[in-house]
Amino acid sequence: MSDGYKEGKFTLEEKVALPSGLINAIIAGYQIALNRTLGSGSAAMTQLLIKDVGEFLEEMLEEIGFEVHEIKDLKEDIPKAFKMLGISNNVEVETPEDGADQGDKYVIKIHDSVFKPVSMLLAKKGIAFTLSPESFVAAAIVRKAIRKVRPNAQVRVKIHPQKNPEDPLVIEVIVR
Amino acid sequence: MSSPVQRILSDITRIPGVVAVFIVSKEGFVIDKAATGTLNLDEDAFAAMVTAVLGSIEQLGGELQIGRPEITTLEFPGHYLLIHDIGDNIVALLADRSQAVLGRLRYEMKKQAPRIANTL
């Protein structure tokens with residue numbers, strides 16, 4: 001193992017094959033426990049995590065050649081980051097006009113995410129997926145890109161429950 | 001010119017002992033605030049904590065089947081923190097225990113919270 005592991009640094013350099021079922025079970029378990037203890041308050045955790053995950057993510061993405069500091073076109077860069085991280089090969093980014101009065105809005109549709117079983121399970125149970133890894137990745141990238149020009153911009157995330165396996169996971173990232 | 005909500009918050013800070021009052025969205029943001037002095041805090045973290053505290057107390061009420069909390073009062077060595085659910089948002093009031101009268105704070109919270117909710 002590299003020194004990064006010893007120092008508690010997250011790295012994408014060394015690939016350790018973990019079954020995705022295990023990762024998904026852990027994410028689902030955390031989300032169910034969080035929902036049980038915090039109820040509607042679990043939504044606020046998303047905002048804190050965007051900031052923290054964003055910092056880890058930035059380092060990891062740059063490690064595999066994705067220059068977070070050089071993000072130019074979010075419609076191209078978000079799908080690229082999802083692909084590089086191995087989360088999904090099919091991501092669409094839309095910027096609808098109807099949300100303009102609330103700030104810049106990015107609608108991100110993620111098809112066949114590796115975390116799809118978690119969103120399906122939680123939707124069945126009626127639990128909001130506030131710990132969605134996809135939402136952290138999307139929000140962290142948007143936040144990084146926007147804050148280059150607007151340092152105090154706030155990024156909010158809304159995750160639509162995924163009820164049908166054929167449907168993509170839809171995440172709205174709103175910048176104010 | 002200050003907004004209607006800012007005027008209400010400003011009125012609240014004139015109550016003896018009040019250090020600060022915050023309106024927090026349940027998504028985890030401070031929407032508005034007023035304070036009698038400078039506060040050194042991470043507002044995102046504070047908003048998330050207030051939302052989480054209210055959420056966990058609501059869950060506790062549900063588990064015990066005793067309903068939803070009205071005003072949550074937290075007592076710290078030198079301060080009170082009062083938390084009131086106003087629908088999509090939360091009002092959090094921080095007060096100095098040595099100067100504040102808890103009954104007055106609770107009375108004002110009940111009186112002002114609907115006004116705040118109506119102006120948002």
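In this predicted model, helix α2 of chain B gives way to Q65(B), a residue with a positive phi near 55°. Step back into the helix itself. α2(B) covers residues 43–64, 22 residues in total. Its first and last C-alpha atoms lie 31 Å apart, close to the 32 Å expected at 1.5 Å a residue. The buried residues of α2(B) run from A47(B) and A48(B) to V50(B), T51(B), A52(B), V53(B), L54(B) and G55(B).

Now turn to the sheet. Strands of a sheet pair through backbone hydrogen bonds, either parallel or antiparallel. Here five strands of chain B form an open sheet with antiparallel pairing, in the order β2-β1-β5-β4-β3. From one strand to the next, the twist averages 15°. At one end of that order, β1 (residues 18–25) and β2 of chain B pair in the antiparallel sense over six bridges. V21(B) stands opposite A34(B) of β2(B).

A helix lies across this chain B sheet. α3(B), residues 102–119, lies across β1, β3, β4 (79–85) and β5 (89–96). The helix runs at about 30° to β4(B).

The largest nonpolar core has 72 residues, of which V142(A), V173(A) and L93(B) touch the most other members. Helix α6 of chain A, residues 133–149, gives the most to this core, with nine residues. Which residues does V142(A) touch, not counting residues up to four places away in sequence? They are L74(A), Y106(A), V155(A), V173(A) and V175(A).

Key
Residues are numbered from 1 along each chain as its sequence is written. Chains are lettered from A and ligands numbered from 1 in the order in which they are written. This is a predicted model: local features need pLDDT of at least 70, side-chain atom pairs count only at pLDDT 80 or more; totals for chains, interfaces and linings use all residues. A nonpolar core is a set of buried Ala, Val, Leu, Ile, Met, Phe, Trp, Tyr and Cys residues joined through C-beta atoms within 7 Å. A residue is buried if 20 or more other C-beta atoms lie within 10 Å of its own, exposed if 12 or fewer, and partly exposed in between; C-beta atoms are placed from the backbone. Helices (H or I, at least four residues) and strands (E, at least two) are DSSP runs, numbered from the N terminus. Two residues are in contact if their C-beta atoms, placed from the backbone, lie within 7 Å. The expected span of a helix is 1.5 Å times one less than its number of residues. Two strands pair if DSSP finds at least two bridges between them. Axes are lines fitted to C-alpha atoms, for helices over the stretch in contact, and angles run from 0 to 180 degrees between N-to-C directions.
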